[in-house]
Amino acid sequence: MSFIPGQPVTAVVLHFQLSCALQQRIEICKLRQGEHLILGFSIGGGIDQDPGQNPFSEDKSDKGIYVTRVTPGGPAEVAGLMMGDKVMQVNGWDMTMVTHDQARKRLTKKNEDIVRLLVTRKSLEQAVRHSMM
Amino acid sequence: MDTESTYSGYSYYSGRSRGSHRHGERIRDHHKSRSKDGSRSEKSVTINAPPAEPLLGDSSVLGEEVQDDNWGETTTAVTGTSEHSLSQEDIVRITKDLEDSVGLDCRRYFSLTLAVVLGLLVFLTPLAFLALPHLLWPDKLLVCGTACEGLFISVAFKLLILLLAVWALFFRAPRASLPRVFVFRALLAVLVLLFVVSYWLFYGVRILDSQDENYQGIVQYAVSLVDALLFIHYLAIVLLELRQLQPAFSVCVTRSTDGETRHYNLGQLSIQRAALVIIENYYRDFSVHNPALLTASKSRAAKHLAGLKVYNVDGPENNAATGLAHSQSRAMIAAAARRRDTSHNELYYEEAEHERRVRKRKARLVVAVEEAFTHIKRMQEEEQKKAPGDVMDPREAAQAIFPSMARSLQKYLRTTRQQHCHSMESIQQHLAFCITNNMTPKAFLESYLTPGPTLQYGRERWLARQWTLVSEASVTSGLKEGAIFLLKCIDFSLVVTAKRIPYIQLSEEFIDPKSHKFVLRLQSETSV
């Protein structure tokens, strides 16, 4: 919104619930490609990995699972997942203290078609501002 | 090199016979230096060396003794006490007037004779102990058995070892002459004298008077004397030689004219001995003092002073002389701060220009020398027999190639202001030396491109006899934390500051060799 001096300013106020202020629930439907079910994003991190090389984390000792890449046009992007999100839960399973391989396995279970993620984003206000403009 | 600073003579006289008086004098001087009146005199003593002569040729034959003052090593050129009780300044003046010590020789020989006398006394005492019973009461003496005669051998060998050890410690040629008595040697001499006197007393009372017949006991008594003398010699070694080996102080030596600084680690020494060590290191480490290099800053300073003139417009109202001078100097400082001084600019450009000139001359010099060196070739052995014509020895070869490089070398020396350090004769000698030893032109030039230590130049630059020690503390007191003293030569001085080496606490950490383990840093990315 541009500011014109002398004119009344329009502002939009969005109200978030405190408990899930910075967390977002994302539901991704897996896409069948050949014989694989893909979600359309890449993960990095894990308790057996080196947390210092994670470009998305604020605390460089954070060993959680982060989204490092989102395939454009894939199911994850459609569902609203963004690069840099930290995955806290997958279908109710905790992802903050898992190894990289365990995280991969939890996401790629063959008998599930939908995964429900709980993700954390660094700045959701940025998303708000994006939506306002 | 040794002949420059090997004189000594030590005034045992002032050290021993005036022990208490001297001590008192020193305390008085120390108090005098503490009092705050303006006429505080520094204890400046001249290290004046009498001319070199082989000092101890005959005395080493005679003088075998345990402890002695070092007839070789120290001299009291100027002392705080003399039998006429002149003040120290008077003595300094007198000695300086005497133009290198006519009187010092007398003092030196006097101390030397005292040392020899003490040595003879000490050496002959055990022999006297052994011989006197035979001379005085031969018939009453018990026969000397086997053990007793074995003790004779032991006495003989111990005396021989003592003789050699004392010669090694006390009678070798001294390296320098120091201004004051060497306190430890004086104390050791006193100790030895007391010791020998007490032995004589005991001998006189208990053996001579009572005419003891037990000769073996007398021999054992003599052996115990020699043993004790050897132990005193051991003490002398520890005090004189070993104590200063362990480093305890770090001294910082700065030359006052150009600020060249070096640091040395010394042990526990008296100030005069520390000064001696520092001077010996100065001759090795510091580059030669070149007064021609200081003229630039002096001219700059003169220009600063000449820039301003101060006039007093208040007239005769301002009659306090100090106030006038004070206000004048303040006015000058204020004006100097305010004016736009461009002398830094001149300095910068002048230095850049000088640098350029030096580099250019150096390039010409290097080329000339390299070309000159190609003109001569070393002849091999076989050729020497075949062609005897036009064969030169190194000196002639040097003289033959010198003219082609002389001009560029002279110009280079003039530009770097070194021309008075090197005479043509010395350059030719150096050239002959380099040719003889197959040195390259670069090796020949090295001594002219960088200023070397003082000893590399001619004797007239050494100034080994002109050192003066200036110290507020007594020069025989030991080095302390924060001690400062000055070593003055003719036109420069060395400022010496001492600091104690810190107490180092070293702790240990054990690392098991098996504990060196490594993992790869993983960073994998998986697409799901």
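# Briefing: a predicted two-chain model

Leaving aside neighbours within four places in sequence, S270(B) is in contact with V475(B), T476(B), S477(B) and G478(B); contact means heavy atoms within 4.5 Å. This is a predicted model, in which local features need pLDDT of at least 70, side-chain atom pairs count only at pLDDT 80 or more, and totals for chains, interfaces and linings use all residues. Residues are numbered from 1 along each chain as its sequence is written, chains are lettered from A and ligands numbered from 1 in the order in which they are written, and side-chain values use heavy atoms, with hydrogens and water left out.

- S270(B) sits in the loop between β3 (261-266) and α9 (271-285) of chain B. Helices (H or I, at least four residues) and strands (E, at least two) are DSSP runs, numbered from the N terminus.
- S270(B) counts as buried because its relative accessibility is 13%. Buried means under 20% relative accessible area, exposed over 50%, and partly exposed in between (1.4 Å probe, protein chains only).

**Chain A overall**

- Chain A holds three helices and eight strands. Their order along the sequence is β-β-β-β-β-α-β-β-α-β-α.
- Chain A has 133 residues, and 37% of them count as buried.
- Among contacts in chain A with a separation of 6 or more, 64% are between residues 24 or more positions apart.
- Accessible areas come from the Shrake-Rupley method with a 1.4 Å probe; for residues, only the protein chains shown count as cover.

**Chain B overall**

- Chain B has 16 helices and seven strands.
- Of its 528 residues, 37% count as buried.
- For contacts in chain B between residues at least 6 apart in sequence, 80% join residues at least 24 apart.
- Chain B has an accessible surface of about 31100 Å², and carbon and sulfur atoms account for 59% of it.

**Helix α2 of chain A**

- Helix α2 (residues 100-107) of chain A has H100(A), A103(A), R106(A) and L107(A) as its buried residues. They lie on the same side of α2(A), because they cover an arc of only 130° around the axis. The arc is that of the directions from the helix axis to the C-beta atoms.
- In chain A, these buried residues pack against β4 (41-45), β5 (65-70), β6 (86-90), β7 (93-94) and β8 (114-120). They also pack against β7 (525-527) of chain B.

**Transmembrane annotation in chain B**

- An unreviewed UniProt entry places the feature "transmembrane region" at residues 109-131, 151-170, 182-203 and 218-240 of chain B. UniProt positions are given in the numbering used here, feature names are shortened, and annotations may be inferred rather than shown by experiment.
- Residues 182-203 of chain B are 95% helix and 0% strand, with end C-alpha atoms 32 Å apart.
- Residues 218-240 of chain B are 100% helix and 0% strand, with end C-alpha atoms 33 Å apart.

**Nonpolar surface patch**

- I153(B), F157(B), L160(B) and L164(B) form a nonpolar patch on the surface, with about 410 Å² of accessible area together. Patches are made of residues with over 30% relative accessible area and no salt bridge: like charges are joined within 9 Å, nonpolar side chains (Val, Leu, Ile, Met, Phe, Trp, Tyr) within 5 Å.
- L160(B) belongs to helix α6 (residues 146-170) of chain B. It is partly exposed, at 42% relative accessibility.

**Salt bridges**

- The whole structure contains 13 salt bridges over all chains. A salt bridge is a side-chain nitrogen of Lys or Arg within 4 Å of a carboxyl oxygen of Asp or Glu.
- R121(A) and D85(A) form one, at 2.8 Å from N to O. R121(A) lies in the loop between β8 and α3 (124-132) of chain A and D85(A) in the loop between α1 (75-79) and β6, so the pair ties together parts that are 36 residues apart in sequence.
- R121(A) is buried at 12% relative accessibility. D85(A) is buried at 0%.
- E353(B) and R356(B) also meet in a salt bridge (3.3 Å, N to O). They are about one helical turn apart, because three residues separate their positions in helix α12 (residues 343-373) of chain B.
- E353(B) is partly exposed at 34% relative accessible area, and R356(B) is partly exposed at 46%.
- Salt bridges with shared partners join R255(B), D258(B), E260(B) and R262(B) into one network. Within it, the closest N and O atoms of R262(B) and E260(B) are 3.3 Å apart.
- R262(B) is partly exposed at 27% relative accessibility, whereas E260(B) is buried at 16%.
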